Amino acid sequence: MTGQSSVIHRSTTVLSGRAGLWWGLLGVTAFSFTLPFTRVAVGGLSPLFIGSARAVVAAALAATALALTRQHWPTAVQWARLAIVAGGVVVGFPLLSSFALTTAPASHAAVVVGLLPAATAVTAVIRAKERPARSFWLFAGLGAIAAIAFASLQHGGLGGLQWSDLLLFGAVIAAAIGYAEGGLLARELGSWQTVSWALVVSAPLMLAFTGVSVAQQPPAATPAEWLAFAYLAVVSMFLGFFAWYRGLAIGPMAQVSQVQLVQPVMNIGWAALLLNEPIGWPTLFGGLAVVACAALAVRTRLLPR
């Protein structure tokens, strides 16, 4: 009887250990459609409208969920941390990536955004005041160099970075900060509660941006473009974070963050399948180089020191 209980305990431990990875993979799969669908949406909607209105729609869903479940209000310190999360994943990444994708192909953006796992790991290291091995910083730096080199060579040579590339790098930094802080905060508030409160915090600002965008350029889109926008608002901005932050909260955060490494591959695949974008060898090699460096950086951080 004692042996049987031991087996059950070990089985439960294995399942709970994998739960974080499965939740993380579900979130990453949801996010992997974000760049291609943003590329579709900017065909008929302004980038300011896409980046802000999607947050307004998601904030309405979040406020409803919080009210129906009667969630406790965050503390003053948690509100401040929620503002950081909102600045990264609700305001920063959506707006910057939307403007970038008015000119950059989704497959090109996918390679640059491939830096996100390493950037998230770096942010988590700084946030937790860890002291990783020097190899961690080496691989993270090589990943950044690979992404910059790819972006430059795609535009005719080194030094040929476009505004869209700079916007994408800014989006990566914003998302990394929001992911790391959100993952820590999800352990206190809950996964879906964290993203919901972050959406509520940013709602007044994003509502103002939406009003400005409508006044400047009234929305006029095809049904396909509206469907793409709906996905960005409901899934990319809301439901996807349920799974992602739950995975990070279950953890270990450093291991779950490795799941992000499959996102650039998914992004490139969806860009080819949904948008018929040509995927040449430079894109494939660039993506592999960035993902490899990010993988080495994240895994190096996990090694015992």
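By class, 5 nonpolar and 4 polar residues line the second largest cavity, and no charged residues do. This cavity belongs to a predicted model, in which 2 cavities of 30 Å³ or more are counted.

**Second largest cavity**

The volume of the second largest cavity is about 40 Å³. Its lining consists of Ala 110, Val 113, Gly 114, Leu 116, Pro 117, Gln 260, Gln 263, Pro 264 and Asn 267. Three helices, α5 (106-113), α6 (116-128) and α12 (263-275), each supply at least two residues of this lining. The largest share comes from α12, with 3 residues.

**Largest cavity**

The largest cavity has a volume of about 150 Å³. It is lined by 14 residues, and those closest to its centre are Phe 31, Thr 34, Phe 93, Tyr 179 and Phe 241. At least two lining residues come from each of α2 (34-41), α4 (76-100), α8 (163-189) and α10 (223-250). Among the contributors, α10 gives the most, 3 residues. Sorted by class, the lining of the largest cavity holds 10 nonpolar, 3 polar and 1 charged residues.

| Cavity | Volume | Lining by class | Helix giving the most to the lining |
|---|---|---|---|
| Largest cavity | about 150 Å³ | 10 nonpolar, 3 polar, 1 charged | α10, 3 residues |
| Second largest cavity | about 40 Å³ | 5 nonpolar, 4 polar, no charged | α12, 3 residues |

Notes:
Residues are numbered from 1 along each chain as its sequence is written. This is a predicted model: local features need pLDDT of at least 70, side-chain atom pairs count only at pLDDT 80 or more; totals for chains, interfaces and linings use all residues. Side-chain values use heavy atoms; hydrogens and water are left out. On a 1 Å grid over the protein atoms alone, a cavity is a set of points where a 1.4 Å probe fits but cannot get out, and a pocket is an open set with protein on both sides within 12 Å along at least five of seven lines; lining residues have an atom within 4 Å of a point. Grid points are joined across faces, edges and corners, and a volume is the space filled by probe spheres set on the points. Ala, Val, Leu, Ile, Met, Phe, Trp, Tyr, Cys and Pro count as nonpolar, Asp, Glu, Lys and Arg as charged, and the others, Gly among them, as polar.
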